[in-house]
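Please keep the sequence and the model in view while reading.

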Amino acid sequence: KAVRGSDPDGSLYWFARMLKGGEDPLFLGRRLVRMASEDIGLADPTALMIAGEAVRTYERLGSPEGELALAHAVVHLATAPKSNAVYNAFKAAMVAAEGSGDLAPPKHILNAPTGMMKDQGYGEGYIYDHDTEHGFSGQNYFPDGVKRQKFYDPKGEGREKSIREKLAYLEDLRVRLQKARGETT
């Protein structure tokens, strides 16, 4: 909780207490990796890399040398900007996938390696994003009959600020491109 609360001193204290109490350092390392994903996410994309590398360093060095790498990760995570937006988005996407898991992808994004599949409309209307003016087609990637959903809502902390701005730009562009193609949103 001290890491989530952005308190590096409290975080180090409890990390040291757990080590002194006999907790397995690799268990603590796994918790650091989880915190990097759950509590920090894309607000600081380096957090997951640092936590993972701290665990790998501990695996190579063992105690006590490897504990310093874990402490490094503890401080990085405690001082990193926080966002659980990816965590929440993933949970929501899992619920949506469970409810519509038997629906096929839209035909326009499916390859048509056979003549029969081409005749059935596979790949018809697909727009190759790299060939567009903006590098973005705005096409629908949800199954037919499933309304476009928004799972990921970046909070605007750290790196997520620029991600939030980019997603807002792309959503506006998607609406304009679909309107220009005569598609309903």
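## The loop between α3 and α4

P64 is placed in the loop between α3 and α4; helices (H or I, at least four residues) and strands (E, at least two) are DSSP runs, numbered from the N terminus. The peptide bond that joins S63 and P64 is cis, with omega at about -5°.

The model is predicted, so local features need pLDDT of at least 70 and side-chain atom pairs count only at pLDDT 80 or more, while totals for chains, interfaces and linings use all residues. Residues are numbered from 1 along each chain as its sequence is written, and side-chain values use heavy atoms, with hydrogens and water left out.

## Packing of α3 with its partners

Helix α4 covers residues 65-79, and α3 packs with α4 at an angle of about 170°, the axes being 7 Å apart. Axes are lines fitted to C-alpha atoms, for helices over the stretch in contact, and angles run from 0 to 180 degrees between N-to-C directions. The angle makes α3 roughly antiparallel to α4; angles under 35 degrees count as roughly parallel, over 145 as roughly antiparallel, 65 to 115 as roughly perpendicular and the rest as oblique. Among the residues in this contact are I50, A54 and L61 of α3 and A69, L70 and A73 of α4, where contact means heavy atoms within 4.5 Å. By class, the contact of α3 with α4 holds 11 nonpolar, five polar and two charged residues. In this scheme Ala, Val, Leu, Ile, Met, Phe, Trp, Tyr, Cys and Pro are nonpolar, Asp, Glu, Lys and Arg are charged, and the others, Gly among them, are polar.

The axes of α2 and α3 (residues 46-61) come within 8 Å and cross at roughly 170°. These two helices are therefore roughly antiparallel to each other. Residues that meet here include L26, V33 and I40 in α2 and L48, V55 and Y58 in α3. The contact of α2 with α3 comprises 11 nonpolar, three polar and two charged residues.

## The segment before α1

S6 is found in the segment before α1. Although S6 is not a glycine, its phi is positive, at about 60°.

Side chains of opposite charge can pair when their charged atoms come close. A salt bridge places a side-chain nitrogen of Lys or Arg within 4 Å of a carboxyl oxygen of Asp or Glu, and the count comes to 11 salt bridges. One of them joins the side chains of R4 and E38 (3.9 Å, N to O). R4 lies in the segment before α1 and E38 in helix α2, so this pair ties together parts that are 34 residues apart in sequence.

## Pockets

On a 1 Å grid over the protein atoms alone, a pocket is an open set of points where a 1.4 Å probe fits, with protein on both sides within 12 Å along at least five of seven lines; lining residues have an atom within 4 Å of a point. Grid points are joined across faces, edges and corners, and a volume is the space filled by probe spheres set on the points. The largest pocket has a volume of about 710 Å³. Its lining has 25 residues, of which F142, R148, Q149, E171 and R174 are the closest to the centre.

The second largest pocket holds about 340 Å³ of space. Of its 16 lining residues, K1, A2, V3, M18 and M35 lie nearest the centre. α2 gives the most to this lining, with six residues.
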